[in-house]
Amino acid sequence: MDATRKRPRKAGSLLPDHWPDELSGQCRLEVGLSGGVDSMVLLHLLVAARKERGFELCAVHVHHGLSAEADAWVAHCARVCEAWQVPLRVRRVAVRVEGGQSLEAVARRERYRVYRESTADAVVLAHHQDDLAETVLLQLLRGGGARALAAMPAWRQDGALALWRPLLARTRDELLAYAREHGIGWVDDDSNLDTRWRRNLLRHRVMPGLAAALPHYRAHLARSAQLAADAAAVLDEVAAADLAACLAGDALSRDGLLALSPPRQRELLRHWCATLGFGLPTPAALESFRGALVAGHAGAVALELAGASLVHYRGRIHLVRERVLPACQPLPALACPQLLRCEAGRLSIEPASPGLPMAWLAGGLSLRARAGGERLAQRAGTRTVKQLLQEAGVLPRLRERWPLLYRGEALVAVPGVAFTQEDRVEAGWRPVWLPD
Ligand SMILES: Nc1ncnc2c1ncn2[C@@H]1O[C@H](COP(=O)(O)OP(=O)(O)OP(=O)(O)O)[C@@H](O)[C@H]1O
């Protein structure tokens, strides 16, 4: 035997020595198994480590149905998992691309939805140092900040989902060499060669040039990602404390916000958008909103988000969700007090003196969207709904979507604002609208 021949690397040697604290003791890991070389190597490494460390191992394959080969990938994963005694779950997902989204992004979102169903302590992904380097460069090319550059941490807890990427310190070439040395079979996804995708363009055209000129570029980009992760964590801590100090109820104090330095104002607004579950506004949109707040423009100033807006009104910044109110929602028989969930909000029926007759709660009430020009009977004549909403200080954006309460065809209340004064009784009720 040739003594100089490299011995096969000991299985497990590509995994880090130190595992996340969260995985100490008896745990269950689920590998995200695409069938490609990276995740096949990861599975092989974990199968070997399972014997030594005694954790439970299973795998998940997401069938996106995007390739003619997709069924063959499932069959490959199933065959290997059976041979290696790893329980496999296969989930089919529907990848439907709607306006403006990329196929990749929708496929990823669906994959993460499947990961979230996992009952394991962590879902383990086979991203490696080349993936990390590509991601950092892609984020830079998209103009991302610290959070975006830190997008691929080795450990991430996102609600109930824990993601572990144990191969981030390994290069693609190391994984390939390992697969060949151990005779591991894998499937190739032809779409990885398509240089119309930005990631593939970087991988096949840009990275080889970088590697030739700067052999350590991957490790350096990984270090930048680590520094960015620390910076992002500090930003989040500061923004969370600033948000807590500026929130009054569910709105933000304009004066509180403007007392901070401009970078902290921007971070606070970004952090608020993220915690409310909305995508981040562009830096230009954020800056123009902030500029309008600083200039103290009279009236409403808004920052449009996807599906909502931040609205400044009388010294407070509110989140207003875009909800389309149905033209008419017939109401069931009601009691007093009662809180009724409706489309786009809740209707509270509260005791009031004076108020509307209790007998009206038995039936015949409906909520309707404003059509314009409605008038409500008040003590001296009638008032327009528009005036009543304005006087009550309802946010301009909510005014358009404020439901009106009808009894048959008669307008009887602008919930939470006013009710008809024609039929009022001593011990009655009033409706209050609580928008979502
Ligand atoms: N179809 C799949 N089913 C299960 N896991 C998968 C699947 N595709 C990819 N993965 C897991 O995700 C890892 C990364 O895959 P890939 O690089 O294709 O995804 P990406 O979209 O570029 O990454 P990211 O999830 O960070 O967006 C794989 O190594 C594998 O562990």
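A disulfide is a pair of cysteine sulfur atoms within 2.5 Å. By that cut-off, this predicted model holds zero disulfides. The structure also holds three aromatic pairs, and two arginines, R53 and R368, lie over the faces of rings.

Residues are numbered from 1 along each chain as its sequence is written, and side-chain values use heavy atoms, with hydrogens and water left out. Because the model is predicted, local features need pLDDT of at least 70 and side-chain atom pairs count only at pLDDT 80 or more, while totals for chains, interfaces and linings use all residues.

**Cysteines**

- The cysteine sulfur closest to that of C273 belongs to C246; at 14 Å, this is too far for a bond.
- C273 has 0% relative accessibility and therefore counts as buried (buried means under 20% relative accessible area, exposed over 50% and partly exposed in between, with a 1.4 Å probe and protein chains only).
- With zero disulfides in the structure, C58 is in none, and its nearest cysteine sulfur, that of C81, is 9.4 Å away.
- C58 is buried too, at 4% relative accessibility.

**Aromatic pairs**

- The structure holds three aromatic pairs (rings of Phe, Tyr and Trp, the last by its six-membered ring, pair if their centres lie within 6.5 Å; planes under 30 degrees apart count as stacked, over 60 as edge-to-face and the rest as tilted).
- In one of these, the ring centres of W19 and W164 are 4.7 Å apart and the planes meet at 55°, so the pair is tilted.
- W19 lies in the segment before β1 (28–32) and W164 in strand β6 (residues 161–164), so their pairing ties together parts that are 145 residues apart in sequence (helices, H or I with at least four residues, and strands, E with at least two, are DSSP runs numbered from the N terminus).
- W19 counts as buried at 12% relative accessibility, and W164 counts as buried at 2%.
- The rings of Y112 and Y115 have centres 5.2 Å apart and planes at 65°, which makes the pair edge-to-face.
- Helix α3 (residues 103–116) holds both Y112 and Y115, three residues apart, about one turn of the helix; both tyrosines are buried.
- W19 and W164 form one aromatic cluster together with F55.

**Charges over rings**

- R53 lies over the face of W19, 3.9 Å from the ring centre (a charge sits over a ring if NZ of Lys or CZ of Arg is within 6 Å of the ring centre and within 35 degrees of the ring normal).
- R368 lies over the face of Y406, at 4.5 Å from the ring centre.
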